[in-house]
Structure formats: structure tokens, C-alpha cells
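Work through the exercises below with the model on screen. Try each task before you read its solution.

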Amino acid sequence: MTTAAIQHRKPSVIRRLGPARVGVYLFLLTASVFFLMPLYIMLVTSFKTMDEIRLGNIFALPVSLTLEPWVQAWTSACTGVSCNGIRGGFWNSVWIVVPSTFIPILLGAMNGYALSFWRPPGAQALFGVLMVGAFIPVQVMMFPLVKIMGSLGLFGTLPGIVLIHVIFSMPVMTLLFRNYYLSIPQELFKAARIDGGGFFRIFAQLMLPMSTPMIIVAAIMQVTGVWNDYILGLVFAGRDNLPMTVQLNNVINTTTGTRLYNVNMAATILTSMVPLIIYFVSGRWFVRGIAAGAVKG
Amino acid sequence: MHMKVHTGHVLRTLVSWGALLPMAVTVIVAYLGTVLWSLKISFTNSRTFPSDELVGFAQYTRLFANERWVLSLQNLALYGVLFIAACLAIGFLLAVFIDQKVKGEGLFRTVFLYPYAMSFVATGLVWQWLLNPTNGLQQAVRQMGFEDFTFDWIIDQDMVIYTIVIATVWQASGLVMALMLAGLRGVDEEIWKAARLDGIPTWRVYLSIVLPMLGPTIATVLVLLLTAVVKVFDSVVSMTQGGPGTASEVPAKFIMDHLFGRANIALASAGSIVLLLTVVALVAPFIYARSRAASKASA
């Protein structure tokens, strides 16, 4: 046995014993079943007819596959007073998410850049307060923010809900970029200063291009976070801009009459589609975002 | 020359402060300002509109005399303990088992973490359907021949809070797994070699050596989970709407209902301040410990 072989075998006991090895896989597979079950049930339910749902088994595959629930969810399910499906919510969410991703990233990068390189007096204290602010429950800020938004004429408008997302994402976005820029050598910044670069030029031409990995991580976090938001959209977006999550909840919980479980599940999948696709495509980047966002505090 | 340097310095400070203006306004108005405002409202007798008439701690007295509030605090405590314990246990176990150099590691990780990409609303709705006694899991098991099988917690006043634990643990334990796994991968190979030489069983190494080494990771996870607990709202609204009756009420929902539905903003503000104090009491020790550790490291 070579030393190299020893190095590559870490948890020796489990590896050597056959039954233990089987146990490891058995545990992981059982856990997988638990984690996948809701997704499976959502999918099969969404392809069944209501008759089949009433009579059949929740785990059974659809006997007569139907796409009707998906069409209904998208075009004619009732989201409160109107019955135009959740497609309106989809587009509302898109219009909320795009500026609510772009602006917080730009501001976060600028804050991080000013905090790590320019360090104006007092900025560090401000940053400290911002970090503590990240822990304030939304409810504490809710009523005053409603009043402030109202006095600015922004309550219940698209710019209003975007501004709210900018406010609530500022701590984590600032932290993300501050930590990233702290890892960049100060010498680089000093050299750019000697070359006559000003505040915004160094930011736009040197720092931003260097921040691509962080921008990707931040974008993943913002898109999924804003897309999945419910409470802020519910309060601040206004009737014409209600995001998809709010409309989804209306479809399922506020509609009277018979519950169309197949339509409900199709609508739930449609609403979860955007963050799920981002998750499956981005893979490790998504995890990186979690790790980076987790260091707050 | 000296003069020029000086003005240059002032200008530099001004420009960077200008760039930080949005952050300054956010911190001062949106964070500090709103908290102080809510604090003030909680000492008034405001109902639909803010009033300036101060009533001392009357709203807080009223709050804790309110059965629904007390119930929602109890629910939050029970929910919080179970949710955090389950997330930590499941997340740690999943991470340890994935760490056994298994085949298809990437696949397992993807499966355990995907619920975290889903919203709390969607999570609540899926589990509401799954736990539906007439057509869901209970019915399916009965059809398999277990005619007496009952699993109707979601309509049971005494059990409903546990269904919210199940749904949110499903959503969040993958996150714990991901962070713990990153922590496990950071454990020095030398420790494993030494433990092997001493013939210590693997489970023992995990429990007595590795777990304590994961302290910082666990602290991070705890802070994340604690803030999630205090915030719990979307999943309750979508899954049970606080019902049956008021059995699954939580403080965040109580506050929202009194702010918007019941037009009692002073009582709601008092509730929100209590929530804030809860967060401070729970999270402050971690922040304190971390900053102490940081200053120790730099000293």
C-alpha cells in the first residue's frame, strides 16, 4: 500500500465495510425520495384531469395525460377579481426583477468599491449600521415605508417596488462587493490613482470589469430572491404590478368554488420555473452565492 | 503645493461620500428612521392613522393580553426550536453522508438543494396539497390497504404547526447541507489520518472532533435559520392562512393583519418592536462572539 493510496481514502471504516457502504447509499436515496416527492407530485398532478384527482392516488401517474391545466393556469385561472391566468403576474415579476437586479448590483458594487478603496471618514460606521440593519424584521419597517413611499408618490407603483427591493438588498449586495474588493491588492488601486484615474473612472474601467464573477453571483441571488419575494410585492407593488408569487397565492387561496388542484399545481410549477431553471443551470454559482451571502453579520 | 494636496484630499472625500449617498440615505431613513418611527407609533394610541397622543406602554400591555399574540409567540418558539433542530440534524447528516466519497455526489447535492430555489409560497402550496387529507398522502396510503391510516395534521389545531415545520425543513435543510459540506471539506486531511492511526471509529470522529471544528459554520447557519424563523410569514399564509382557526398564527402575520386588515397600527408596531427585540436577543450573542474572535485573531 502506497502513501498516496492512504491519502485518498478518508473515512476508512465506512469504505471498507460492504453493508455500511450500502447503508450510506440507502440513506441518501431515501432522503432523495423525500426531497423529490413534492416535485414529482406537483408534476403528475398538473397533468391529470380533476376526475382522476378525485378518484385516484396522489402518487399515480396520469392515466389520460392532459395539458389543459397548464393552459388554464397560464391564461384563465382567477387571480382574485380577474381571470386571465398568471401570465400577467409572470410579466409583472419580469418587470420588477430586471431593474431590481441591475440597480442593487450597481449600487452594491459602488458602495463596496468606495468602502474598500476610498474609505471616506465615517463610511465604516455607516456600513456597520447597514449590516445590523440586515437583521431588522421587515414588519418593523413596513408601516413607515408605506408612508414614505406614499409621500413620494411611489406607493403601489413599479418604481416604488423597485426602490423597496433596492433598500432591502443593499446590505447583502454591499457586503458581497466589499468583501470581494478587499481581496484585491491595494497596490492595483494605487497604481490606477497614480495614472490619474478618478473615482468613477477607476470604478467603471478597472473595478467593474474585474468583478464579473461577483456580478454573476449577485445577479443569481437577486433574480431568485426578488422573484421569490412575496411580502414586499404584496404590500408595495400595487394592484397593477402584483408579482407572480402573490397572484399564485391568490389563485389557490382566495378563489371560491371548487379547487382545481391540477391548475393550482401547474401554476405553482410555472411560478417556480424561473428560479429553478437558474438553479439547475448555474449549479455551483448558486451555492457560491449562498456561501457569500451567509457570511453576513 | 501643500494647499493643492489639501483641496485634493477634500475633493476626494467629497466624491466618495457622494457615491455613498444612496447608502447613507438608505441607512438613515429606511433603516434607522423607520425603526424609530415604529418605536414611536408603538407608544401612541394610533389606529388607522398615526396619532401623536402618547399612551406609554399601554399597547405593549394590550399586546400581551391579546390571546392571538401570545399564541403566535408560542407557535414561533415551538416552530423555531423544531425547525432549527431538524434543519441542523438533517443538513449535517446529509453533508456527512455525501462526504463519504459517494458516486453521483453532484446529483445528490442538486436534489437536496433545489427546494431552496423555490419560494416559500410555492413550498407552502405544494405541501398544502400533499397533506390534504381528502386527496393527498393520507388518501394514497389508505388506498394501499391501510384503511385506518390518518395523517390530517394540516386540519388539526394541535398538529398544524408541525406541518409548517415539515414544509420549511424540506425547503431549507439543503442550504444547511451545502454550508456544512463546505465546512467538512475544509477539515484537514491530517486529522482523518491521525484518527485512523488511533483506530477511532468514523462516527466518533465526526461527532467529537469534526463537529466542534465546524463551530463557525454552525454559527453562520444558526444566524441564517434564526432570521428565517423570525421572518416566517409567506409559508404560513400560503399553507394554512394561520388556520385552522388561529392555530398556526405567527407574529409576522399578526403584525401584518393588524397593520393592513384590522387598522391598528399602534398595536402592530408594538408587536414589530417585540419581534425586533427578539432578533436582537437571539442574534447579538453570535455577532458579539464573532467580533471577539475576529479581534482576537487580529491581535
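**Exercise 1. How many residues of chain A are in contact with chain B, and what kinds are they?**

Solution. Start with the contact rule: two residues are in contact if their C-beta atoms, placed from the backbone, lie within 7 Å. By this rule, 73 residues of chain A are in contact with 84 residues of chain B. Next, find the main contributor. Helix 3 (residues 18–46) of chain A gives the most to this side, with 12 residues. Helices (H or I, at least four residues) and strands (E, at least two) are DSSP runs, numbered from the N terminus. Last, sort the residues on the side of chain A: 52 are nonpolar, 19 polar and 2 charged. Here Ala, Val, Leu, Ile, Met, Phe, Trp, Tyr, Cys and Pro count as nonpolar, Asp, Glu, Lys and Arg as charged, and the others, Gly among them, as polar.

A note on the source: this is a predicted model, where local features need pLDDT of at least 70 and side-chain atom pairs count only at pLDDT 80 or more, while totals for chains, interfaces and linings use all residues. Residues are numbered from 1 along each chain as its sequence is written, and chains are lettered from A and ligands numbered from 1 in the order in which they are written.

**Exercise 2. Describe the secondary structure and spread of chain A.**

Solution. Count the elements: chain A has 16 helices and 0 strands. Along its principal axes, the C-alpha trace of chain A spans about 75 × 75 × 35 Å.

**Exercise 3. Which residues of helix 13 of chain B are buried?**

Solution. Apply the rule: a residue is buried if 20 or more other C-beta atoms lie within 10 Å of its own, exposed if 12 or fewer, and partly exposed in between, with C-beta atoms placed from the backbone. Helix 13 (residues 251–261) of chain B has 8 of its 11 residues buried, so it is largely enclosed by the rest of the structure. The buried ones are Pro251(B), Ala252(B), Lys253(B), Phe254(B), Ile255(B), Met256(B), His258(B) and Leu259(B). Now step past the end. Just after helix 13 of chain B, Ala263(B) takes a positive phi of about 45°.

Key. Rg over C-alpha atoms; globule rule 2.2 N^0.38 Å.
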